[in-house]
Protein chains: 2
Amino acid sequence: MRTEPTSVFKALADPTRRAIFERLSRSGEQTVHALTAPSGVSQPAISKHLNGLKSAGLVRDRRHGRETFYRVDPTGLASLFNWMDYYSHFWHERFDKLEDLLKRLDQ
Amino acid sequence: MRTEPTSVFKALADPTRRAIFERLSRSGEQTVHALTAPSGVSQPAISKHLNGLKSAGLVRDRRHGRETFYRVDPTGLASLFNWMDYYSHFWHERFDKLEDLLKRLDQ
DNA sequence: ACAATCGATAACCATGTGGTTATGGTTAAT
DNA sequence: ATTAACCATAACCACATGGTTATCGATTGT
């Protein structure tokens, strides 16, 4: 695959946008209204952030009446996983599994 | 740990900066001069990018005479690994290993 | 001693970005 | 039929960002 991960890195570089993504990951599908409430920014700001996440392939939307539900698209992180997996070889050849690295970093 | 990964995401979101990081990963320690040559941008631009990577904890520098050598600091990616590991639980509960997810995404 | 090289910094510029308020189009509620 | 709610878009603003050229201090080479 090896797709260009720039858009994904950019989308996740903003704390507000990452908070939206994390909330959708934890709590599942949410309306714009529900995402706006605890965010501390205006509804148009949330709409723009959601559009950014959508352009990066990280979320999908579903219209139902006057509401729009957003949910995480897990495949959107493929480029990120690929990038980290690919370059981890150069940093830590001694780790033959990414999982091992994760365990060590947790300590 | 669960440190704030914003600075790392930001640092890697720029293609020029990511190219520098990737080159340092592949080829090891490099001077600013060596990094500037194939980059397509000016030396001050490279210096600024290196400073950004350094602030994010992704590289370290070593002065030797009039040259400055930069190298990857592998621990700088800890927050990124942590973030991805933590949230991968919410996306794909059925994957009990991150490694499995990587394999599937490669197809 | 003098000249050249390396790399960081300053000053500047164009563009991008994250926020706002205002508004309009749909849909739901009264 | 009106009114209210939901969400996207437009217009705008302040600031960040990625680039440039000019320059300077420090080191190396002649």
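This briefing describes the fold of chains A and B and the protein surfaces around DNA strands C and D. The model is predicted. Chain A contains six helices and three strands, and its 107 residues include a buried share of 29%. Around DNA strand D there are 23 residues, and around DNA strand C there are 22.

**Overall organisation of chain A**

- Read from the N terminus, the elements of chain A follow the order α-α-β-α-α-β-β-α-α.
- Of the contacts in chain A between residues at least 6 apart in sequence, 53% connect residues at least 24 apart.

**The sheet of chain A**

- The three strands of chain A make an open sheet, arranged β1-β3-β2, with antiparallel pairing.
- In chain A, β1 (30–31) and β2 (59–64) are the edge strands; each has a single partner strand, so one side of each lacks a neighbour in the sheet.
- The antiparallel strands β1(A) and β3(A) are joined by two bridges.
- A:Gln30 is placed opposite A:Tyr70, a residue of β3(A).
- Helix α2 of chain A, residues 15–27, lies across β1, β2 and β3 of that chain, and the helix runs at about 85 degrees to β3(A).

**The sheet of chain B**

- In chain B, three strands likewise build an open sheet in the order β1-β3-β2, and their pairing is antiparallel.
- The edges of the chain B sheet are β1 (30–31) and β2 (59–64); because each has a single partner strand, one side of each is left without a neighbour in the sheet.
- Two bridges pair β1(B) with β3(B) in the antiparallel sense.
- B:Gln30 has B:Tyr70 as its bridge partner in β3(B).
- Helix α2 of chain B (residues 15–27) lies across β1, β2 and β3 of chain B, at about 85 degrees to β3(B).

**The nonpolar core**

- The largest nonpolar core comprises 44 residues.
- The residues with the most contacts inside this core are A:Val8, A:Leu53 and A:Leu58, together with B:Val8, B:Leu53 and B:Leu58.
- Leaving aside residues up to four places away in sequence, A:Leu53 touches A:Ala11, A:Arg17, A:Ile20, A:Phe21, A:Leu58 and A:Val59.

**The surface near DNA strand D**

- The closest residues to DNA strand D are A:Thr31, A:His33, A:Pro44, B:Ser42 and B:Gly65.
- Two or more residues of this surface come from each of α3 (32–36), α4 (43–55) and β3 (67–72) of chain A, and from α4 (43–55) of chain B.
- Helix α4(A) provides the largest share of the surface near DNA strand D, namely six residues.
- By class, the surface near DNA strand D consists of six nonpolar, 10 polar and seven charged residues.

**The surface near DNA strand C**

- The closest residues to DNA strand C are A:Ser42, A:Gly65, B:Thr31, B:His33 and B:Pro44.
- At least two residues of the surface near DNA strand C are supplied by each of α4 of chain A and α3 (32–36), α4 and β3 (67–72) of chain B.
- Helix α4(B) contributes the most to the surface near DNA strand C, with five residues.
- The surface near DNA strand C is made up of six nonpolar, 10 polar and six charged residues.

Note on methods: Residues numbered from 1 in each chain as written. Chains lettered and ligands numbered in written order. Predicted model: local features only at pLDDT ≥ 70, side-chain atom pairs only at ≥ 80, totals over all residues. Helix = DSSP H or I, 4+ residues; strand = E, 2+ residues; numbered from the N terminus. Buried ≥ 20, exposed ≤ 12 C-beta atoms within 10 Å, placed from the backbone. Contact = placed C-beta atoms within 7 Å. Near = placed C-beta within 6 Å. Nonpolar A, V, L, I, M, F, W, Y, C, P; charged D, E, K, R; others polar. Core = buried A, V, L, I, M, F, W, Y, C linked by C-beta atoms within 7 Å. Pairing = 2+ DSSP bridges. Axes fitted to C-alpha atoms, helices over the stretch in contact; angles between N-to-C directions.
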